Amino acid sequence: MIGLALKSAHKSRTYNEMMGSKLAKILAFTLASAMVVSCGGSGDEPVNRDFESLRVYKSDSPYQDTAARCARAESNSQYCTLATLPLLGIDYSDPGIPQIMERVVVSHAWMGERFEELLYELPQELLPLFRSVTAIVIDDDIRPAYYSPGTGAIYLDPAFLWLTVAEKQTINPKQDYRAGFDDPLAFRQLNRYTKDGALPYRHLSLLDESTRELDDIVLLIARLLLHELVHANDFFPPDLLYTLPLDQKPYDTALSIERMWVSRRLSDDMPLSSNTMFSLAGVMYRGDDPSVSDLAITASEVGDALEPDGAGDDYGYSSENEDLAMLFETSMMKYFFDADYELAFTDVPEDLSQCSSYQIGWGIRNRFAHEMVIDRAQFAVNNLLPDLDIQHFFDTTDPATEISGDWCLEASNSGNQQKPQLKRLTPIERLRPYL
């Protein structure tokens, strides 16, 4: 998401009405971009993140003296102009990994080293998405990841980068502030990527002695980047980069081309319409107080509300920007990695920790390929990666399929039929790793 999501006062409003005043919305996102809501709070108690230790990773970066200062900014008076810290695509029309690394700002050196390693593991077709950012910030105090229209930078949670015990011990183990937002509801939303019927990456504790290999986190960071880079390219579409005034700040520049945002054009051409889903998204992702109808709805009824509409994921109802980001992310994870996105709504079980306790009331795999969604997904990809030939992928991809049963996966790497492995539910399956 972009900064902190705003609370919605009237949950029955249409999609565009829900967005509220355009200027107020962007200003609020901007002012909140360096804040996080205290754990379990109502959304009204922002606290500043500690970015004092930020520094540019590459000592020979041409922005050695400015990138960290600009990325650390917390108010409009502190934000840098695009002349001081330009979007990467203004400096380089076809940036490679060395140019991207010039814009990496970190709190610990290992974060920059790991990020560079991962860039070489990712499909190079994704590199153009970095043209619309001013910086990539990785700090021990970021959770969840987010994009700031005030600084023009993406902010990444290093919990998705560590490999060793020593590395993860440098990371703040704080809880995601959204963790309890859906507690009053009578259903739970779960989401995950699978590949060949198994989890393609592992979520491990920051507080134990577990370790990981680089292969364990490639798809994890891919998901994160595919989402956050969408927000940057949404505000600064690829075909407009070379027309932007350099004497303005990112926020002011983005606001001046609002009608050209990819998310705005998607919403204008193919709007979402489910008031039920808008209302529930306000509760789950912005901390809105639930209505009587919100409290009464069951897992299967949530699916019935989502099914005939055009969203690729329920998170898309939290804002038009998230609508775009989820369509792109889930499509590209399938295109580049053959990773299937699964979304499910379940009743609230007595045992919240075991996957077998979560019985799916409604579930779907690869919602982006649903007949009500696929045209919107293709619009997202065509406008965010216009040089990628994606037509064959959308023409030949398998349709979305229903999923049922419990939330357990079959045991992987086995040639015979086994009982589903008992897997403890991880918090990330109820939350996405980003705003």
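V262, S263, R264, L266 and S267 in α10 meet E320, N321, D323, L324 and L327 in α14, where a contact means heavy atoms within 4.5 Å. This is a predicted model, so local features need pLDDT of at least 70 and side-chain atom pairs count only at pLDDT 80 or more, while totals for chains, interfaces and linings use all residues. Residues are numbered from 1 along each chain as its sequence is written, and side-chain values use heavy atoms, with hydrogens and water left out.

- The contact of α10 with α14 splits into 4 nonpolar, 3 polar and 3 charged residues (Ala, Val, Leu, Ile, Met, Phe, Trp, Tyr, Cys and Pro count as nonpolar, Asp, Glu, Lys and Arg as charged, and the others, Gly among them, as polar).
- The axes of α10 (residues 262-269) and α14 (residues 320-337) come within 8 Å and cross at roughly 95°.
- That makes α10 roughly perpendicular to α14 (65 to 115 degrees; under 35 is roughly parallel, over 145 roughly antiparallel and the rest oblique).
- Axes are lines fitted to C-alpha atoms, for helices over the stretch in contact, and angles run from 0 to 180 degrees between N-to-C directions.

**The sheet**
- Here 5 strands make an open sheet with mixed pairing, in the order β3-β4-β5-β7-β6.
- β3 (55-56) and β6 (146-148) sit at the edges with a single partner strand each, so one side of each has no neighbour in the sheet.
- Helices (H or I, at least four residues) and strands (E, at least two) are DSSP runs, numbered from the N terminus, and two strands pair if DSSP finds at least two bridges between them.
- β4 (residues 104-106) and β5 (residues 136-138) run parallel, joined by 3 bridges.
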